[in-house]
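Welcome! Please take a moment to look over the sequence and the model, and then we will walk through them together.

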Amino acid sequence: MRPCTLILHFAFLVALCLTLTACPSHSSQGRLAREVEHPAPPADLAFFHSVPVQPARNANKEAAFITISDQRHVSGLLKARLERVLLQHNFTLTEQPSQAERIITLKILYKGPGNKQDLQTCVKSGYDAALSALQGEEGVLVADLLLVRRTVPGKNAQLRNISSRTRKSSTQVRIGLVTAHREVLKGHAMEEALAEDIAGIAASSEDAQFYKPTTVTKKKSVRKSKKKVSKRKKTRNRG
């Protein structure tokens with residue numbers, strides 16, 4: 001092999017190695033390690049909820065489905081953190097919402113400077129309310145949480161879509177976190193604490209709103225009874 005060819009091959013290998021080294025890792029575990037997997041929340045971290053909540057320590061192996069909206073891209077790998085904490089609280093995880101006994105929908109609204117008084121006002125405005133302006137010298141995180149508890153149908157039941165699921169209860173809550181240590185905003189200690197709070201609320205059976213059980217089977221039986229009545233009427237009219 002000619003010397004110039006060897007030099008070209010060597011240059012190509014060096015360039016390839018540099019490219020692979022420069023490429024960022026997209027794995028959740030790698031990114032979570034860089035974020036610090038278990039950041040310690042500040043001692044003065046305070047929580048506020050728009051409705052009363054009764055957190056529980058352990059679930060009963062309910063399957064949980066998670067969706068997180070983070071348009072500001074400030075929460076880091078919150079979903080990975082929440083999944084880990086849910087498993088620690090005795091949940092199982094599923095990627096199929098139709099098979100979930102607990103659907104967790106979270107929307108990150110704000111992470112940045114603020115103050116405790118304005119945060120309390122923002123939280124009191126309630127779930128899905130307009131976000132008021134926040135400013136100050138403290139660190140603040142605001143999120144809206146929707147929890148839906150449902151009964152997963154048996155294997156023989158056929159659901160056409162997710163809207164046919166059997167809801168048992170739900171909770172809509174706005175959550176606010178605040179600390180005097182504004183530098184905490186640079187890391188993800190507040191998200192770690194938020195994941196723990198959400199898992200505790202999800203494990204609780206004390207939801208804010210309860211629903212009457214309506215199953216697909218009951219709906220089908222009602223339809224069948226209506227058809228029978230209409231057939232009887234037609235038969236009488238013919239007679």
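## About the model

This is a predicted model, where local features need pLDDT of at least 70, side-chain atom pairs count only at pLDDT 80 or more, and totals for chains, interfaces and linings use all residues. Residues are numbered from 1 along each chain as its sequence is written, and side-chain values use heavy atoms, with hydrogens and water left out.

## The chain as a whole

The protein chain has 6 helices and 7 strands. Here helices (H or I, at least four residues) and strands (E, at least two) are DSSP runs, numbered from the N terminus. Starting at that end, the order is α-α-β-β-α-β-β-α-β-β-α-β-α.

Of the chain's 239 residues, 35% count as buried, meaning under 20% relative accessible area with a 1.4 Å probe, protein chains only. Contacts are heavy atoms within 4.5 Å. Among those between residues at least 6 apart in sequence, 81% join residues at least 24 apart.

## Strands side by side

Let's follow some neighbouring strands, using the rule that two strands pair if DSSP finds at least two bridges between them. Strand β2 (residues 63-69) pairs with β4 in the parallel sense, over 6 bridges.

Look for G114, which has E138 as its bridge partner in β5, and for I108, which stands opposite A143. On its other pairing, β5 runs antiparallel to strand β6 (residues 166-179), with 13 bridges between them. There, R150 stands opposite R167 in β6.

How covered are β4 and β5? Both are mostly covered: in β4, 10 of the 13 residues are buried, and in β5 (residues 138-151), 11 of 14 are.

## A cavity inside

The structure holds 1 cavity of 30 Å³ or more. A cavity is a set of points, on a 1 Å grid over the protein atoms alone, where a 1.4 Å probe fits but cannot get out; lining residues have an atom within 4 Å of a point.

Notes. On a 1 Å grid over the protein atoms alone, a cavity is a set of points where a 1.4 Å probe fits but cannot get out, and a pocket is an open set with protein on both sides within 12 Å along at least five of seven lines; lining residues have an atom within 4 Å of a point. Grid points are joined across faces, edges and corners, and a volume is the space filled by probe spheres set on the points. Buried means under 20% relative accessible area, exposed over 50%, partly exposed in between (1.4 Å probe, protein chains only).
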